[in-house]
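Hi everyone, thanks for coming along. I'd like to walk you through one structure today, piece by piece, so please have a look at the screen.

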Amino acid sequence: MAKQVRVAFVGSGGIATEAHLPSLKEIDGVEIVALCDAQKERAEAACQQFGGRPYVDHRGMLDGEEIDALFVCLPPDAHTDAELMAAAKGIHLFVEKPVVLSMEKGRGIAEAIEKAGIISSVGYQLRYTPVADAARAFLADRAVALVAGNRWGGIPGGPEHWWRVMERSGGMLHEMATHHVDFIRYLVGDVTRVCARYSLNVLKNVENLTVPDAQVMAMELKNGATGYFSTSCALTKGGGWSSTDVILRDMMLRMTFSEIQVVPEGAAEIKLPPPGMNIQQAFIHAIHTGDRSVIRSDYFDALKTAEVTLGANRSAVTGKPVEMELV
Ligand SMILES: NC(=O)c1ccc[n+]([C@@H]2O[C@H](COP(=O)([O-])OP(=O)(O)OC[C@H]3O[C@@H](n4cnc5c(N)ncnc54)[C@H](O)[C@@H]3O)[C@@H](O)[C@H]2O)c1
């Protein structure tokens with residue numbers, strides 16, 4: 001068997017314990033060595049379930065443990081120096097989306113990753129779906145007129161949750177719909193310019209909530225296509241809607257993350273391939289083999305997605321369009 005990849009986490013909350021750790025437990029050649037969370041009881045509970053030693057401070061963990069790969073599963077405003085420390089120690093990085101709240105910080109981390117030569121992967125798992133494979137191949141040599149995305153739903157967590165504070169999460173477009181914006185970038189290509197308008201109209205009296213309850217972002221794409229994305233978190237009693245539609249000449253693709261519908265019916269046939277490696281398997285495989293081609297979104301690519309939604313946040317404040325600098 002290949003050498004064990006010694007894995008640690010900073011942030012042992014929802015995504016760490018419900019998605020990454022259970023998936024890593026299924027992969028041969030992985031050893032969970034340490035789990036850190038600012039809430040001691042969370043770190044301890046996660047270690048009881050998945051193994052490893054608990055920490056409340058990632059600096060102590062990174063200095064005290066032999067670690068090959070660090071998963072950073074923190075709320076957007078809690079990214080301090082874990083990525084930089086890991087890169088300086090040659091530790092490979094898996095970072096949850098959205099990777100940052102400020103481009104300056106993101107550029108610093110991207111430079112440190114490049115300088116260290118470590119492997120990086122970001123939690124855009126939709127890129128690993130059969131729909132992404134099929135749609136990306138289908139769209140590769142076809143001109144697109146319009147790409148239209150929507151994500152409408154409610155507010156996660158209670159009044160104390162970091163998500164509802166704009167300065168902590170970056171808002172629904174940056175924090176949640178980042179998956180869809182990234183999916184659009186992966187299928188249709190880079191975004192060069194955005195212009196956005198936000199409002200907080202129907203949820204303005206909700207305790208502690210400062211994220212907009214409606215966001216609309218117009219996008220110009222590098223390949224000449226036009227797009228838009230809308231979000232709303234006003235459906236606080238349940239229900240919601242999520243869609244990505246791409247209009248080409250004489251045909252439209254209507255996509256969920258598990259299906260592609262071609263309209264009008266019969267205009268083209270798109271077959272979904274069998275599923276490949278999932279996002280955790282791909283990261284571990286890349287570390288074991290050195291083959292980075294299996295990673296669908298590295299840190300720099302993810303930073304380009306963050307630039308789009310942070311650009312929209314800036315545009316919504318200034319009223320002016322924002323050009324992407326990384327494209
Ligand atoms: N890829 C996906 O589909 C997906 C799904 C859910 C969440 N996420 C992302 O994962 C990140 C975390 O989300 P979550 O749902 O797990 O949040 P969460 O609130 O459930 O967990 C975050 C954990 O980080 C801990 N924490 C905060 N500051 C810390 C610090 N300085 N040091 C150590 N621990 C600290 C908190 O105590 C908490 O336990 C977010 O960026 C979110 O967008 C991704």
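Let's start with a question: in which sense do strand 1 and strand 2 pair, and over how many bridges? Strand 2 covers residues 30-36, and the two strands pair in the parallel sense, over six bridges. If you want to find the spot on the screen, look for Val 5, which stands opposite Val 30 in strand 2. Before I go on, please keep in mind that this is a predicted model.

Strand 1 also has a partner in strand 4. Strand 1 is residues 5-10, strand 4 is residues 69-72, and four bridges join these two parallel strands. Here you can look for Val 10, whose bridge partner in strand 4 is Val 72.

Is strand 1 largely enclosed or largely open? Five of its six residues are buried, so strand 1 is largely enclosed by the rest of the structure.

Which order do its strands follow? This open sheet has eight strands, ordered 13-12-11-7-10-9-8-14, and here the pairing is mixed. Strand 13 sits at one edge and strand 14, residues 322-323, at the other, each pairing on one side only.

Let me pick out one pair from it. Strand 8 is residues 191-199 and strand 9 is residues 214-221; they run antiparallel and are joined by eight bridges. In this pair, Tyr 198 stands opposite Gln 215 of strand 9. There is a helix here too: helix 11, residues 299-318, lies across strand 8, strand 9 and strand 14, and runs at about 50 degrees to strand 8.

Stay with strands 8 and 9 for a moment and follow the loop between them. Leu 203 is found in that loop. Leaving aside neighbours within four places in sequence, Leu 203 is in contact with Leu 209, Asp 213 and Ala 234. For a sense of scale, the C-alpha atoms of Leu 203 and Cys 36 are separated by 34 Å, and the two residues are 167 apart along the chain.

Asn 208 lies in that loop between strand 8 and strand 9 as well. Is Asn 208 buried or exposed? Asn 208 is exposed, because it has 10 C-beta neighbours inside 10 Å.

Asn 208 also brings us to some backbone details. Most residues other than glycine have a negative phi, and most peptide bonds are trans. Asn 208 is not a glycine, yet has a positive phi of about 70 degrees. Asp 250 is not a glycine either, and has a positive phi of about 65 degrees. You'll find Asp 250 in the loop between strand 11 and strand 12, and with 8 other C-beta atoms within 10 Å, Asp 250 is exposed.

Then there are the cis peptide bonds. One goes from Lys 97 to Pro 98, with omega near -15 degrees, and Pro 98 sits in the loop between strand 5 and helix 5. Another joins Val 263 and Pro 264, with omega about -5 degrees; Pro 264 lies in the loop between strand 13 and helix 10.

Now for helix 6, residues 130-139. Its buried residues are Val 131, Ala 132, Ala 135 and Leu 139. They cover an arc of only 95 degrees around the axis, which puts them on the same side of helix 6. What do these buried residues pack against? The partners are strand 7, helix 9, strand 11, strand 12 and strand 13.

Last stop, the ligand. Of the 23 residues around it, the nearest are Gly 11, Gly 13, Gly 14, Ala 78 and Glu 96. Helix 1, residues 14-25, gives the largest share of this shell, with three residues. By class, the shell has 10 nonpolar, eight polar and five charged residues. That's my tour, and I'm happy to take questions!

Notes. Residues numbered from 1 in each chain as written. Predicted model: local features only at pLDDT ≥ 70, side-chain atom pairs only at ≥ 80, totals over all residues. Near = placed C-beta within 6 Å. Nonpolar A, V, L, I, M, F, W, Y, C, P; charged D, E, K, R; others polar. Pairing = 2+ DSSP bridges. Buried ≥ 20, exposed ≤ 12 C-beta atoms within 10 Å, placed from the backbone. Arc of directions from axis to C-beta. Contact = placed C-beta atoms within 7 Å. Axes fitted to C-alpha atoms, helices over the stretch in contact; angles between N-to-C directions.
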